[in-house]
Every structure is written in C-alpha cells, then in structure tokens.
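Reader: Hi! Could you walk me through this one while I have it open?
Author: Happy to, let's take a look together.

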Amino acid sequence: MLTIDTQVNFIQSLVKAVDQKGAQIFLRRARTAIAAGNYAQAIMLLTKAIGLDPYLAAAYYNRGLAKALQINGVKNEGVRKGGNISAIRDYQAALSINPKSAEAHYQIGLATAILENYREAIKFFTAAIELYDDYLEAYMARGYAMLGIYEEPGAQADFAHAQGLLLWK
C-alpha cells in the first residue's frame with residue numbers, strides 16, 4: 001500500500017509531465033504562427049506555454065522574437081521602444097534558464113541597439129560571439145553598433161571578420 005505522500009508525489013509528477021508536454025505543443029504551434037507572420041497569436045500561445053512550464057527557455061526566446069517582429073515597422077516611437085523592452089525581458093528570462101544561448105544574447109543585442117544603447121548592445125553581441133565564434137550576424141551587428149559609438153577600427157575589424165566568414169561558407 002502506498003502512503004498518501006507517495007501518491008501525492010506521483011500525481012504531482014504526472015501533472016508536471018502533462019504540463020511540459022502541453023507547453024511543447026504550444027511552443028510548436030507558436031513557431032508555426034511566427035513563420036506565418038501571426039505574431040499576436042504566437043505571443044498568446046507562448047504565454048500559455050510559459051504558464052505550463054516556466055523553465056522552457058525556448059518559449060521565452062520565441063515570445064521575445066515574436067514581440068520584436070510584431071513591432072517591426074511600427075511608426076510610433078513609444079510603441080517600438082516598449083515592444084523592444086518587453087522583448088528584451090523575454091530574452092533575459094531565456095538567458096536566466098539557458099545562459100549559453102548565443103541566439104538570446106544576439107537578440108538582446110539587436111533590441112538594445114534599436115534603443116540606441118550601442119555600448120550595451122556590443123556587450124551582448126560579444127557574448128554571442130564568445131559562445132559561437134562563427135556567428136556572422138553577430139559580427140556584422142557588433143560592427144554597426146561600434147559605428148554607433150564612432151569606434152571605426154573595431155567596426156572595420158568586425159566587418160572584415162564577417163567577410164572572411166562569408167568566404168568560408
């Protein structure tokens with residue numbers, strides 16, 4: 001005969017497994033919505049996934065991406081700024097779960113550069129490059145961020161490195 005504690009633990013583990021499976025289903029549906037350009041639906045699905053599994057780094061990352069894509073082309077400066085800040089929070093949540101995500105570092109760098117905080121963006125692009133030294137887009141983005149702070153030699157070095165990566169691919 002199982003004790004009450006053992007039965008409760010078993011039921012809790014089953015609920016957790018079901019929640020994690022459901023979160024993965026929402027994540028897959030959200031990725032499809034992002035690919036289709038339906039960012040609002042993706043954000044809603046990813047929020048549900050996070051509610052089921054708050055340790056699913058990919059859900060935070062993809063929600064940040066959907067938020068960033070949703071505000072792309074928005075003319076209102078305040079809306080764009082708020083959307084970027086919200087996206088950054090999601091990317092940071094993904095990094096708190098998976099600090100070795102070069103993509104999350106890169107995306108924070110992009111969102112931070114859009115906010116014209118180039119020095120901070122450079123730090124995130126550098127972190128992405130340290131995790132993945134062939135990250136062509138991170139070299140290019142870091143080069144543009146360096147131009148934003150008038151660091152032309154550093155920018156030229158990053159552009160040259162990116163060009164070298166292009167030649168090898």
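Author: Helix 3 is largely enclosed by the rest of the structure, because 11 of its 15 residues are buried. Buried means under 20% relative accessible area, with exposed over 50% and partly exposed in between (1.4 Å probe, protein chains only). Helices are DSSP runs (H or I, at least four residues), numbered from the N terminus.

Reader: What kind of model is this, and how are residues numbered?
Author: This is a predicted model, where local features need pLDDT of at least 70 and side-chain atom pairs count only at pLDDT 80 or more, while totals for chains, interfaces and linings use all residues. Residues are numbered from 1 along each chain as its sequence is written, and side-chain values use heavy atoms, leaving out hydrogens and water.

Reader: Thanks! Which residues of helix 3 are buried?
Author: Among them are Tyr60, Tyr61, Arg63 and Lys67.

Reader: And what follows helix 3?
Author: Gly73, with a positive phi near 90 degrees.

Reader: What does Tyr61 touch?
Author: Leaving out residues up to four places away in sequence, Tyr61 touches Asp90, Tyr91, Ala94, Glu103, Ala104 and Gln107. Contact means heavy atoms within 4.5 Å.

Reader: New topic: where is Arg142?
Author: Arg142 sits in helix 7 (residues 136–148).

Reader: Buried or exposed?
Author: Arg142 counts as buried, because its relative accessibility is 13%.

Reader: Which residues is Arg142 in contact with?
Author: Setting aside neighbours within four places in sequence, Arg142 contacts Ile122, Phe125, Thr126, Ile129 and Asp158.

Technical notes: Helix = DSSP H or I, 4+ residues; strand = E, 2+ residues; numbered from the N terminus.
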